[in-house]
Amino acid sequence: MTDRNDDNLPARLVPPEPGETGRSHWRVTPLGIALVEELAGRGCHVSTIARALGMSKDAFRSCRDRQPEVDDAYHAGLAREHDALVTNLRTAADAGNVVANIFLLKARHQYREGEALEANVNLSLNTGGVLVVPNKMTMEEFLEERRRAGQYDSPQRPDTVERIPGQRHPSTIEGVLDPETRRGD
């Protein structure tokens, strides 16, 4: 064990404080705190930082819990690394790298592929009397289906020629074409 005042080491194993019970624990010195920030800023893994301090990964985690300044130094290093990486990526994106632009949008602005974007839009649509009929149905078949479903309650106008859905009248285009050929085929 080393003296409590020996700051030439990045970390040292110290006995419990006078009057305390328990076992020895690692204490990171100011030199070690600077080392933690530098290594985290370079992107080193937690186990690499712990090894540089001369302790295990679990001991380093305990030091971070026990010494808030160690945890602050670790997070300051991570923030420095983050800023450097974003700067590099931003530079590549500004130079025309499409992949970098896509990644920045996804990572920094929560864009996700395959998910609908949430939008709060009020839409009022006036089709001006346009009726959209499915490709495989005639107008009469469509209107009859809507009447049966209760979605179209308008009575037929008396001046219209009543036709039975499914039957083809020879004077219309539907009567001339092959019965299996419809719009959209």
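This is a predicted model: local features need pLDDT of at least 70, side-chain atom pairs count only at pLDDT 80 or more; totals for chains, interfaces and linings use all residues.
## A buried alanine and the helices around it

Leaving aside its neighbours within four places in sequence, Ala 50 is in contact with Met 55, Ser 56, Lys 57 and Phe 60. With Phe 60 the separation is 10 residues in sequence, while the two C-alpha atoms lie 5.6 Å apart in space.

### The protein as a whole

The protein has 185 residues, of which 20% count as buried. It contains 7 helices and 2 strands, and along the sequence these elements follow the pattern β-β-α-α-α-α-α-α-α. Its accessible surface comes to about 13800 Å², and 52% of that area belongs to carbon and sulfur atoms. When contacts between residues at least 6 apart in sequence are considered, 38% of them join residues at least 24 apart.

### How the helices pack

| Helix pair | Angle | Axis distance |
|---|---|---|
| H2 and H3 | about 90° | 8 Å |
| H3 and H4 | roughly 110° | within 5 Å |
| H4 and H5 | about 135° | 8 Å |

On the H2 side, Val 46, Ser 47, Ile 49, Ala 50 and Leu 53 take part, and they meet Lys 57, Phe 60 and Arg 64 in H3. By class, this contact of H2 with H3 has 5 nonpolar, 1 polar and 2 charged residues.

Helix H3 (residues 57-66) also meets helix H4 (residues 68-94), and these two helices are likewise described as roughly perpendicular to each other. The contact is made by Phe 60, Cys 63, Arg 64 and Arg 66 of H3, together with Pro 68, Val 70, Asp 71, Tyr 74 and His 75 of H4. The residues of this contact of H3 with H4 divide into 5 nonpolar, 1 polar and 3 charged.

H4 packs in turn with helix H5 (residues 98-109), and here the helices are oblique to each other. H4 contributes His 82, Val 86, Leu 89, Arg 90, Ala 92 and Ala 93, whereas H5 contributes Ala 100, Asn 101, Phe 103, Leu 104 and Arg 108. In the contact of H4 with H5 there are 7 nonpolar, 2 polar and 2 charged residues.

### The largest nonpolar core

Which residues touch the most other members of the largest nonpolar core? Of the 17 residues in this core, they are Val 28, Val 36, Ile 49, Leu 53, Met 55, Phe 60 and Tyr 74. The elements that give two or more residues to the core are helix H1 (30-41), helix H2 (46-53), H3 and H4.

Ile 49 is in contact with Val 36, Leu 39, Ala 40, Cys 44, Phe 60 and Tyr 74. Tyr 74, whose place is in helix H4, touches Val 36, Ala 40, Val 46, Ile 49 and Arg 64. With a relative accessibility of 10%, Tyr 74 counts as buried, since the cut-off for that class is under 20%. Tyr 74 and Glu 38 are 36 residues apart in sequence, yet their C-alpha atoms are 8.5 Å apart in space.

Leaving aside neighbours within four places in sequence, the residues in contact with Gly 32 are Pro 10 and Leu 53. The C-alpha atoms of Gly 32 and Val 70 are separated by 8.4 Å, although the two residues are 38 apart along the chain.

Definitions and conventions: Residues are numbered from 1 along each chain as its sequence is written. Side-chain values use heavy atoms; hydrogens and water are left out. Axes are lines fitted to C-alpha atoms, for helices over the stretch in contact, and angles run from 0 to 180 degrees between N-to-C directions. Helices (H or I, at least four residues) and strands (E, at least two) are DSSP runs, numbered from the N terminus. Angles under 35 degrees count as roughly parallel, over 145 as roughly antiparallel, 65 to 115 as roughly perpendicular and the rest as oblique. Contact means heavy atoms within 4.5 Å. Ala, Val, Leu, Ile, Met, Phe, Trp, Tyr, Cys and Pro count as nonpolar, Asp, Glu, Lys and Arg as charged, and the others, Gly among them, as polar. A nonpolar core is a set of buried Ala, Val, Leu, Ile, Met, Phe, Trp, Tyr and Cys residues joined through side-chain atoms within 4.5 Å. Buried means under 20% relative accessible area, exposed over 50%, partly exposed in between (1.4 Å probe, protein chains only). Accessible areas come from the Shrake-Rupley method with a 1.4 Å probe; for residues, only the protein chains shown count as cover.
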